[in-house]
Amino acid sequence: MDFDLSEEQRMLKESVDRLVAERYSFEQRKAYGKEAEGWNRGLWKQYADMGLLSVPFEEKYGGFGGGAVETMIVMEAFGRGLVLEPYFATVVLAGGAIRMGGSEEQKKAILPKIADGSLLMAYAYAERQSRYDLADVLATAKKDGAGWVIDGEKTVVIHGDCADKLVVVARVSGGQRDKDGLGLFIVDAKAAGVSRRSYPTQDGVRGADITLKGVKVAAGDVIGEAGKAWPLIECVSHSAIAALASEAVGAMSAMQDITVEYLKTRQQFGVAIGSFQALQHRAVDMLVALEQGRSMAMYGTMMAEDPNAEERAKAMAATKVQIGKSAKYVGQQAIQLHGGIGVTMEYKVGHYFMRTTVMETQFGDTDHHLAALARAGGLVSAAG
Amino acid sequence: MDLRYTDEELAFREEVREFFRTELPEDIRRKMINGQVPVKEEINRWQKILNRKGWAVPGWAPEWGGTGWDAVKLHIFKEAMHLAPAPEPLTYNVNMIGPVLIAFGTEEQKKCFLPGIANLDIWFCQGFSEPGAGSDLASLKTRAVRDGNDYVVNGQKLWTGTAHEADYMFCLVRTDPDVKKQKGITYLLIKMDTPGISVRPVVTLDGVPHTNEVFFDNVRVPVKNRVGEENKGWDYAKYLLGNERIGIARVGLSKSRLNRARERAANVTVDGKPLAENSRFRERLAAIEVELKALEITNMRVIDEVKRSAGNAQDPKASILKIKGSELQQAATEVLVEVSGRDVARSETGFLMGDEPPIGPDWAVTAAHNYFYHRADSIYGGSNEIQHNIIAKAILGL
Ligand SMILES: Cc1cc2nc3c(=O)[nH]c(=O)nc-3n(C[C@H](O)[C@H](O)[C@H](O)COP(=O)(O)OP(=O)(O)OC[C@H]3O[C@@H](n4cnc5c(N)ncnc54)[C@H](O)[C@@H]3O)c2cc1C
């Protein structure tokens with residue numbers, strides 16, 4: 001067992017931590033949020049220059065050649081900074097679909113553009129009725145000569161408003177909730193038939209509801225084999241969960257630090273409120289929850305690309321459950337221990353809480369994953 | 001022992017429910033069902049309907065418009081109101097300043113203010129908390145100095161709900177800085193359009209300016225707007241804070257939210273079946289319902305004691321109601337978030353506060369807004385930690 005980062009990973013961590021510390025104060029973030037797209041293009045360029053936008057891509061596609069641990073490092077730092085740029089949507093989700101399931105041509109055409117910051121992407125998978133069932137897809141893809149025609153509606157597509165290209169999940173065959181019969185399609189966001197309605201989200205970024213009407217997709221823009229995308233869809237969601245877990249750890253550790261600092265400085269009844277044992281113990285329980293979450297984020301990171309799909313699915317469900325539980329506790333207590341200032345937009349701690357609340361609804365909530373894990377037989381086996 | 005309502009109480013409940021069914025304006029009911037925030041005009045309109053019926057201020061002394069209902073009936077009324085669901089009458093008016101003036105105001109103040117408070121022609125806000133005086137309210141610093149027939153007020157209040165909409169503030173100010181902190185506080189009624197007052201909104205996590213910062217720069221307040229005696233303000237404030245016992249648990253509000261959650265869950269599909277039929281979900285809901293039932297009965301027990309003591313007891317058991325009540329109100333907002341799933345991600349402040357049509361399903365888009373805002377339920381009015389301290393000391397003798 002080895003919890004140490006390699007030399008390269010340590011350097012990555014140092015540079016991304018420094019970037020967030022220097023460029024993502026609460027005030028700076030507020031300013032980025034006011035820009036047209038709700039984030040900062042200059043920073044995006046900087047991420048590209050630092051190699052962050054290509055962290056999980058192979059070197060031959062202009063990538064950094066990292067794995068899940070490198071993504072963990074970036075996401076944790078971004079969680080601490082509540083980073084607004086479309087990293088998760090572009091690099092982890094859509095980029096992940098192409099990295100893990102794309103053809104040689106697709107990787108060559110797309111990954112370098114993600115890496116250099118010139119291409120933004122989003123992952124359009126969820127639908128109004130689908131809740132957290134990744135296989136519940138009504139959008140259809142019908143054969144049209146050599147290519148395909150897509151019709152359907154996708155909902156709450158994070159950063160779907162600014163994406164240049166979308167990865168769309170659509171049904172080629174089968175019933176509404178069949179795992180068989182799904183396909184992943186690369187769709188130009190400006191293609192005829194694509195319309196987007198965008199809005200701000202609770203966690204300070206933007207999302208879009210996207211309607212696709214008779215959208216034509218060339219044969220070369222199908223990821224993998226149309227109708228056989230289920231294993232890839234699962235892989236994307238597992239990388240997503242690992243990334244979200246690390247982001248949540250970053251957000252939780254920030255809430256912990258901010259709260260402890262506040263307990264030391266806020267005075268009531270002539271003393272620092274941190275001198276009240278009731279609050280000390282609560283802060284300790286927050287730390288326990290954070291460390292439990294951190295451990296499972298590490299476990300999730302380790303298992304995110306495990307070749308054993310069954311074990312991987314269980315591990316990722318377990319990760320999401322623990323993160324959901326921990327983040328809810330840490331977030332609620334962080335606010336409570338601040339008193340009134342915790343529930344205002346003017347103070348940073350509430351923004352972390354809003355982010356982790358939205359995270360709970362991304363790629364399945366605690367209940368969804370607890371049920372999935374229970375159905376799969378739980379985690380602890382006779383072998384330990 | 002009989003925990004059931006009497007026939008008379010049941011008949012009363014039916015009468016009250018019928019009133020809410022027929023008299024609550026449909027547009028307001030709709031907003032409440034959706035979890036939207038009622039605006040000033042709506043709260044105003046509803047209060048005037050209640051007042052015409054004679055039910056605007058049921059808990060007040062009958063000579064000032066109270067109904068003379070006992071504690072059980074007041075409880076029945078409040079629960080029916082939450083279940084309607086109707087907006088709560090402006091608490092600063094009905095539960096706070098009104099009873100204080102009835103108990104401690106001069107005849108002139110009562111005549112001048114009480115009818116307008118009941119009919120909401122005069123809108124009050126509560127200026128107690130300050131940046132440095134939250135849980136430790138008695139350490140407040142806003143200063144008032146006597147100058148002829150006026151007090152001159154300087155300082156700052158924080159968290160003042162509806163200050164930007166209010167006509168008056170009831171305000172605690174320091175008039176004697178040289179005595180024990182509770183002894184030098186005076187209770188003033190300050191007109192909000194007096195020169196020298198400025199109000200800055202403080203937006204809460206739901207995106208709504210629920211609170212404000214209020215600054216006083218040489219604000220002149222006539223001495224006749226002092227409540228009771230100079231330097232006795234703390235006693236009146238304590239009376240006020242102990243006054244809201246019957247409604248504090250808000251059992252009806254939590255029930256109303258759980259009803260909503262169940263209705264909505266019928267229209268959400270999980271594993272091919274309605275969420276409302278999902279056994280895990282039902283168990284979670286049932287577990288909250290058990291606690292809520294227990295709280296309802298605890299609430300009735302406290303109410304019964306209030307009734308027997310003719311309303312004079314300052315019962316520390318009210319702190320149990322505040323702790324459990326706020327926890328269950330918050331639990332119900334969490335269930336609504338859970339039911340609404342991914343749709344909570346959209347921030348729809350325009351719909352929450354006004355008439356903008358929602359992008360997401362109207363029943364889902366307010367869930368996260370409300371979850372965020374109601375984290376404050378365990379913070380204001382004496383935080384739950386402070387309530388624990390009260391119980392430890394006053395009930396357990398620790
Ligand atoms: C939405 C909202 C609306 C409000 N509306 C009004 C209003 O209209 N008018 C008004 O006057 N005020 C209002 N308040 C203020 C409210 O009453 C205060 O927020 C509350 O008293 C807590 O004070 P504080 O925020 O300064 O927190 P603090 O007192 O600083 O408390 C911070 C933390 O320390 C804990 N703590 C403090 N002392 C102790 C102790 N002795 N033992 C253990 N723990 C302790 C608290 O429980 C809390 O967790 C409002 C607040 C909110 C959030």
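This is a predicted model: local features need pLDDT of at least 70, side-chain atom pairs count only at pLDDT 80 or more; totals for chains, interfaces and linings use all residues.

1. Gly377(A) follows helix 11 of chain A and has a positive phi, near 100°.

2. Helix 11 of chain A covers residues 366-375, and its buried residues are Thr366(A), Asp367(A), His369(A), Ala371(A) and Leu373(A). What do these buried residues pack against? Within chain A their partners are helix 7, helix 9 (309-338) and helix 10 (348-360). From chain B, helix 9 (279-308) and helix 10 (318-340) also take part.

3. Leu82(A) is a residue other than glycine with a positive phi, near 50°. The loop that holds Leu82(A) runs between helix 4 (68-81) and helix 5 (87-101) of chain A. Is Leu82(A) buried or exposed? Its relative accessibility is 4%, and buried means under 20%, so Leu82(A) counts as buried.

4. Asn231(B) likewise is not a glycine, yet its phi is positive, at about 70°. Asn231(B) sits in the loop between strand 8 (226-227) and helix 7 (233-243) of chain B. Because its relative accessibility is 22%, Asn231(B) is classed as partly exposed.

5. The peptide bond between Ala84(B) and Pro85(B) is cis, with omega about -10°. Pro85(B) belongs to the loop that connects helix 4 (71-83) and helix 5 (91-104) of chain B.

6. In soluble globular proteins, nonpolar side chains tend to be buried together. The largest nonpolar core here has 122 residues. Those touching the most other members are Tyr47(A), Leu52(A), Tyr87(A), Tyr123(A), Leu184(A) and Phe363(A). Helix 7 of chain A (residues 230-265) supplies the largest share of this core, with 19 residues. There is also a second, separate core of 76 residues, which includes Phe20(B), Trp46(B), Trp55(B) and Ile122(B).

7. The surroundings of Leu184(A) can be listed in detail. Leaving aside residues up to four places away in sequence, Leu184(A) touches Ala97(A), Tyr123(A), Val167(A), Val168(A), Val169(A), Asp221(A), Val222(A), Ile223(A), Ala229(A), Leu232(A) and Ile233(A).

8. Chain A contains 11 helices and 10 strands. For its 384 residues, a compact globule would have a radius of gyration near 21 Å, and the 21 Å of chain A therefore agrees. Along the principal axes, the C-alpha atoms of chain A fill a box of roughly 80 × 55 × 40 Å. Buried residues make up 59% of chain A. Of the contacts in chain A with a separation of 6 or more, 72% are between residues 24 or more positions apart.

9. Chain B has 13 helices and 10 strands. Its radius of gyration of 22 Å agrees with the value near 21 Å that a compact globule of 398 residues would have. The C-alpha trace of chain B spans about 75 × 50 × 50 Å along its principal axes. In chain B, 56% of the residues are buried, and residues 24 or more positions apart account for 70% of the contacts with a separation of 6 or more.

10. Surface and charge may be taken together. The accessible surface of chain A is about 15300 Å², with 54% belonging to carbon and sulfur atoms. Chain B exposes about 16700 Å², and carbon and sulfur atoms supply 53% of that area. In chain A the mean positions of the 43 positive and 48 negative charges lie 5 Å apart. For the 53 positive and 55 negative charges of chain B, the mean positions are 3 Å apart.

Definitions and conventions:
Residues are numbered from 1 along each chain as its sequence is written. Chains are lettered from A and ligands numbered from 1 in the order in which they are written. Side-chain values use heavy atoms; hydrogens and water are left out. Helices (H or I, at least four residues) and strands (E, at least two) are DSSP runs, numbered from the N terminus. The radius of gyration is taken over C-alpha atoms; the globule rule is 2.2 Å times the number of residues to the power 0.38. Buried means under 20% relative accessible area, exposed over 50%, partly exposed in between (1.4 Å probe, protein chains only). Contact means heavy atoms within 4.5 Å. Accessible areas come from the Shrake-Rupley method with a 1.4 Å probe; for residues, only the protein chains shown count as cover. Lys and Arg count as positive and Asp and Glu as negative; His and the chain ends are not counted. The place of a charge is taken as NZ of Lys, CZ of Arg, CG of Asp or CD of Glu. A nonpolar core is a set of buried Ala, Val, Leu, Ile, Met, Phe, Trp, Tyr and Cys residues joined through side-chain atoms within 4.5 Å.
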